[in-house]
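Visitor: I would like to learn how to read ring contacts and strand pairing in a model. Where do we begin?

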Amino acid sequence: MGAILWMMVFVFAVPASSSAQDTATPILDHGEGSWTSTVIAEGLDYPWDVVRDGERFILTEKAGAIVMIADGEVERVTLETSAPLRTDGGAGLLGLALSPDFASSGRAFFYYSYEAETGPANRLVSAVLDGSAWRETGILIDGIPGHRLYNGGRIARGPDGHLYVTTGWTENYDRPQDLDSLAGKVLRVSLDGTVPADNPFPGSLVYSYGHRNPQGLAWDEAGQLFVAEHGQAALDEINIVRAGGNYGWPLVSGNETRDAMEPPFVHSGRSTWAPSGIAFAGNELLVTGLQARGLLVLDRANRTLRTIYGPDERYRHVLPDGDDLLIITTNRSPRGQGPSADSLIRLSPQVR
């Protein structure tokens, strides 16, 4: 059974001009100084994903811990896995999604990196919270090609009830365009691990392909899937993804075009956002920027991203919570060494 460590939670608040929140103002119209920030928990080490379960927040840490934050306390439990985690670079325990019956079953889904006989790999697994222990219970997708830096790793349950999973290109120029490879893709799988009958390629988990290192998944109110992915030396992308679509990597990027390949909805040009987690607050797309060192919002009309919160930290994921926004930091680069001094932060809009 994984060891359990208890930590004190440190909470800090920056006073707002009023306790009421400005719910009428679109996020796009909020400036960088328009937020009250409260640190819910600090002392986190390279958190990668965060979800909410009632009044409790559940996070993954890359080194293999699941962190549960509730009632002013932080509980850290190691996920018991069927293979040792591979945690070099950006690999490790990454994405997290809760089963719709989590309250009764304790079931969730995780994406983690390990070392297969064929080399670095990733897998999607089911796990259960049994008392205070988290343990793996089954493998839904195995043998996803892995890499020190490019593993994808995001999981999200779509409006159709299926799981969507992002995978990295592993620095192999053939895999993203190869429909027989799971690398450089968005995958779609049923909660029981079977291939949905209406997937675009019969018998295949592949939902879309031609991706480089996608790390963000979110659906707008119309059910359109948005995917954020890291580009090669800039040219980061926000794509509107359709079933069976080819998003071009490594054959095209940025403004380049080719028949039967989908252009990005917006890209970063010569600058770099290094986008990771994304989420919709209403119909506004929020994007966390690691290299941009800020929380960004999509201006759909002008096809640009605008910074709305930008203290000098690397932001990994965002979770809307009513009028508030929750963000986690990942302040160590995957190319760096040592601990990553990170926090879970609540942003509340100030009244004007």
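Guide: With a charge and a ring. This is a predicted model. Here the charged end of K62 sits over the ring of Y46, 5.3 Å from its centre.

Visitor: Which residue lies over the face of Y150?

Guide: R212 does, at 4.8 Å from the ring centre. Y150 also belongs to one aromatic cluster, together with W169, Y173 and W249.

Visitor: How is a pair of aromatic rings described?

Guide: By two values: the distance of the centres and the angle of the planes. Ring centres must lie within 6.5 Å to pair, and planes over 60 degrees apart count as edge-to-face.

Visitor: How many aromatic pairs does that rule give?

Guide: The count is twelve aromatic pairs. One of them joins Y112 and Y114, with 6.4 Å centre to centre and 70 degrees between the planes. That makes the pair edge-to-face.

Visitor: Are Y112 and Y114 buried or exposed?

Guide: Buried means under 20% relative accessible area. Y112 has 0%, so Y112 is buried. Y114 has 6%, so Y114 is buried.

Visitor: What is the geometry of the pair W169 and W249?

Guide: Edge-to-face: 5.3 Å centre to centre, with 85 degrees between the planes. W169 lies in the loop between β13 (163-166) and β14 (185-189). W249 lies in the loop between β18 (237-241) and β19 (266-267). The pair therefore ties together parts that are 80 residues apart in sequence. W169 is buried, at 1% relative accessible area. W249 is buried too, at 10%.

Visitor: Now the strands. How many residues of β21 are buried?

Guide: Six of its six; the strand spans residues 284-289. Take the two faces in turn. E284, L286 and T288 are buried on one side. L285, V287 and G289 are buried on the other.

Visitor: In which sense do β20 and β21 run, and how many bridges join them?

Guide: They run antiparallel, joined by five bridges. β20 covers residues 275-281. A281 stands opposite E284 in β21. The two strands form a hairpin with two residues between them. In that turn, G282 has a positive phi of about 65 degrees.

Visitor: What about β21 and β22?

Guide: They pair in the antiparallel sense over four bridges, with β22 at residues 294-299. G289 stands opposite G294 in β22. This is a hairpin with four residues between the strands. R293 in the turn has a positive phi of about 55 degrees.

Technical notes. Residues numbered from 1 in each chain as written. Predicted model: local features only at pLDDT ≥ 70, side-chain atom pairs only at ≥ 80, totals over all residues. Heavy atoms only, no water. Phe/Tyr/Trp six-rings, centres within 6.5 Å; stacked < 30°, edge-to-face > 60°. Buried < 20%, exposed > 50% of the residue type's maximum accessible area, 1.4 Å probe, protein only. Lys NZ or Arg CZ within 6 Å of the ring centre and 35° of its normal. Pairing = 2+ DSSP bridges.
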